[in-house]
Amino acid sequence: MHNTNKAIRRSGITLHLSHHHHDRRFFRAFRVRLGRFLESHHMQIAIMILIVVDLLVTVAELFIEEHYVKCKTGEVSHGVETTEKTLTYTTFVILGILNLEVLLLLFAFGWRFFKHPLYV
């Protein structure tokens, strides 16, 4: 029979095994909850919306570059420059969110992430 309140004392340091075991269960449960959240229907819709918004932003950037930057005079208004910068930063933010999602999936699923057909 195993005692959950067991403590080991060595070299003046007391290790409480019950806390360590509890922490591991909490950590495992957290990873399971995180995985469920990341694979939820609402999260998948949010990711798809981000991908579509990123596509639209990229198309807008290409349009601005083609229409305004490569004009004959070579002069670009301040508003166009500001819009271009805003679109570029928007793309960076969206890509950062998508990268964070992948890192959280790796954390939640560990090595099983690489065995999942939709993630690899």
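Set aside neighbours within four places in sequence, and Leu-50 is in contact with Ile-94, Ile-97 and Leu-98 (contact means heavy atoms within 4.5 Å). This is a predicted model, where local features need pLDDT of at least 70, side-chain atom pairs count only at pLDDT 80 or more, and totals for chains, interfaces and linings use all residues. Residues are numbered from 1 along each chain as its sequence is written, and side-chain values use heavy atoms, with hydrogens and water left out.

Leu-50 belongs to the largest nonpolar core, an eleven-residue set with Leu-34, Leu-38, Met-43, Ile-47, Ile-94, Leu-98, Leu-105, Ala-108, Phe-109 and Phe-113. Such a core is a set of buried Ala, Val, Leu, Ile, Met, Phe, Trp, Tyr and Cys residues joined through side-chain atoms within 4.5 Å. Two or more residues come from each of helix 1 (17-38), helix 2 and helix 3 (78-109), with helix 3 giving the most, five residues. Helices here are DSSP runs (H or I, at least four residues), numbered from the N terminus. In soluble globular proteins, nonpolar side chains tend to be buried together.

## A buried aspartate

Asp-54 is in helix 2 (residues 41-69). Is this residue buried or exposed? Asp-54 counts as buried because its relative accessibility is 14%; the cut-offs are under 20% relative accessible area for buried, over 50% for exposed and partly exposed in between (1.4 Å probe, protein chains only).

Beyond four places in sequence, Asp-54 touches Thr-91, Ile-94 and Leu-95. Asp-54 has no salt bridge, and the nearest side chain of opposite charge, Lys-85, is 19 Å away. A salt bridge would need a side-chain nitrogen of Lys or Arg within 4 Å of a carboxyl oxygen of Asp or Glu.

## Aromatic rings

There are four aromatic pairs, counting rings of Phe, Tyr and Trp (its six-membered ring) with centres within 6.5 Å; planes under 30 degrees apart are stacked, over 60 edge-to-face and the rest tilted. Phe-113 and Phe-114 have ring centres 5.3 Å apart and planes at 90 degrees, so they're edge-to-face. Phe-113 is buried at 7% relative accessible area, while Phe-114 is partly exposed at 46%.

Elsewhere, Phe-27, Phe-30 and Phe-107 form one aromatic cluster. Arg-31 lies over the face of Phe-107, 5.7 Å from the ring centre (the rule is NZ of Lys or CZ of Arg within 6 Å of the ring centre and within 35 degrees of the ring normal).

Technical notes. Lys and Arg count as positive and Asp and Glu as negative; His and the chain ends are not counted.
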